[in-house]
Amino acid sequence: MDALAVQYARELALWGIETSIVVPGAFTSGTNHFAHSGLPADKGRAAEYEVGAYKGYGGKLQEAFAAIVPQDADAGAVAEAIVKVVDAPFGKRPFRIHIDPTQDGAEVAFAVIDRVWTEMLHRVRLDELLAPARND
């Protein structure tokens, strides 16, 4: 989904449409974030894991990731961040924002990916796709 979001943002730039990618982290309070995660539709495959080397690992993973979410993590922070993006003046909105109470490293990884894309667009002389055009 991220690749599509980046592609659409670049395609919309020349039309003067500014986009921001909002990346919410895991919030276990006030959401159903972990209610269905880790439960494969293929019950037979899941059963195979439960008798092999990964017996009980699904639950272990869910517990481990749920444990890194701070107790005071408020999903409302995502809405507040979106409001700030919308309220920002044209041309000043961030390309991507992260609202992640776990600080899982995604922000660092995406910064690198975004820089690689930016450098590539500079290299092929398509810089105009990096910011929305002013069509006043």
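The model is predicted, so local features need pLDDT of at least 70 and side-chain atom pairs count only at pLDDT 80 or more, while totals for chains, interfaces and linings use all residues. Residues are numbered from 1 along each chain as its sequence is written, and side-chain values use heavy atoms, with hydrogens and water left out.

Start with the strands. Helices (H or I, at least four residues) and strands (E, at least two) are DSSP runs, numbered from the N terminus. Strand S1 covers residues 21-24. S1 and S2 pair in the parallel sense, over four bridges. Two strands pair if DSSP finds at least two bridges between them. Find Val23, then look across: His98 in S2 stands opposite.

Now look at the two sides of S2. In a regular strand the side chains alternate between the two faces of the sheet. On one side of S2 sit Arg96 and His98, and on the other Ile97 and Ile99. Are these four buried or exposed? All are buried, and both faces of S2 are covered. Buried means under 20% relative accessible area, exposed means over 50%, and partly exposed lies in between (1.4 Å probe, protein chains only).

Next come the rings. The structure holds two aromatic pairs. Rings of Phe, Tyr and Trp (its six-membered ring) pair if their centres lie within 6.5 Å; planes under 30 degrees apart count as stacked, over 60 as edge-to-face and the rest as tilted. Tyr49 and Tyr54 form a tilted pair, 6.0 Å centre to centre, with 55 degrees between the planes. Tyr54 also pairs with Tyr57, edge-to-face, at 5.3 Å centre to centre and 85 degrees between the planes. Tyr49 is partly exposed at 47% relative accessibility. Tyr54 is partly exposed at 45%, and Tyr57 at 34%.

Another ring meets a charge. The charged end of Arg10 sits over the ring of Phe95, 4.2 Å from its centre. A charge sits over a ring if NZ of Lys or CZ of Arg is within 6 Å of the ring centre and within 35 degrees of the ring normal.

Finish with the backbone. Gln103 is not a glycine, yet has a positive phi of about 50 degrees. Gln103 is found in the loop between S2 (96-99) and helix H5 (106-123). Gln103 is exposed, with a relative accessible area of 59%. Arg125 is not a glycine either, and has a positive phi of about 60 degrees. Arg125 lies in the segment after H5 and is exposed, at 70% relative accessible area.
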